[in-house]
Amino acid sequence: MSVLFVLVGLAAGILSGLFGIGGGIVIVPALLLVARMPPLTATGTSLGALLLPVGALGAWQYYRAGHLHVRAALLIALGLTAGAWAGARLAQHVPQGTLQRAFAVLLALVAVRVWLSAK
């Protein structure tokens, strides 16, 4: 199982570097479907993996190329900190099946929005 987790992290890292995604869109579904973790455990594990400065090297490359808005990133991080805390507290009181279905709806809505906005 350790190799599986490293491969999930590697895939999330590559996709994060390419598209700025990772935790919710790659890691959580992989842990749900491949590692067969319950939704709350998959989400908590994803957040735990993101505690380290995993995006630092990718962000550095974007910064060097002039594609990182530092102030916006810091403000997003501020909101992300508060939001992750609030969301984690809320998730403890929502049935796991409901969380999994809500997550699937969110992914579908994001996919449609991105598809329609492509030029």
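Guide: A crossing is left-handed if the near helix is turned anticlockwise from the far one by less than a right angle, and right-handed if clockwise. This model is predicted: local features need pLDDT of at least 70 and side-chain atom pairs pLDDT 80 or more, while totals for chains, interfaces and linings use all residues. Numbering starts from 1 along each chain as its sequence is written, and side-chain values use heavy atoms, leaving out hydrogens and water.

Visitor: Is the crossing of α2 and α6 left-handed or right-handed?

Guide: α2 and α6 cross left-handed. Helices here are DSSP runs of H or I, at least four residues, numbered from the N terminus.

Visitor: At what angle do they pack?

Guide: About 140°, with the axes of α2 and α6 (residues 96-117) 12 Å apart. Axes are fitted to C-alpha atoms over the stretch in contact, and angles run from 0 to 180 degrees between N-to-C directions.

Visitor: Which residues make the contact?

Guide: G24, I25, V28, P29 and L32 of α2, with Q100, F103 and L107 of α6 (heavy atoms within 4.5 Å). By class, six are nonpolar, two polar and none charged; Gly counts as polar, Pro as nonpolar.

Visitor: Switching over, how do α1 and α2 pack?

Guide: α1 (residues 2-19) and α2 (residues 23-33) pack at about 155°, axes 9 Å apart. That makes α1 roughly antiparallel to α2. Their crossing is right-handed.

Visitor: Which residues meet in α1 and α2?

Guide: F5, V8, A11, A12 and L15 from α1 meet V26, I27, A30 and L31 from α2. This contact has nine nonpolar residues, no polar and no charged.

Notes
Helix = DSSP H or I, 4+ residues; strand = E, 2+ residues; numbered from the N terminus. Parallel < 35°, antiparallel > 145°, perpendicular 65-115°, else oblique.
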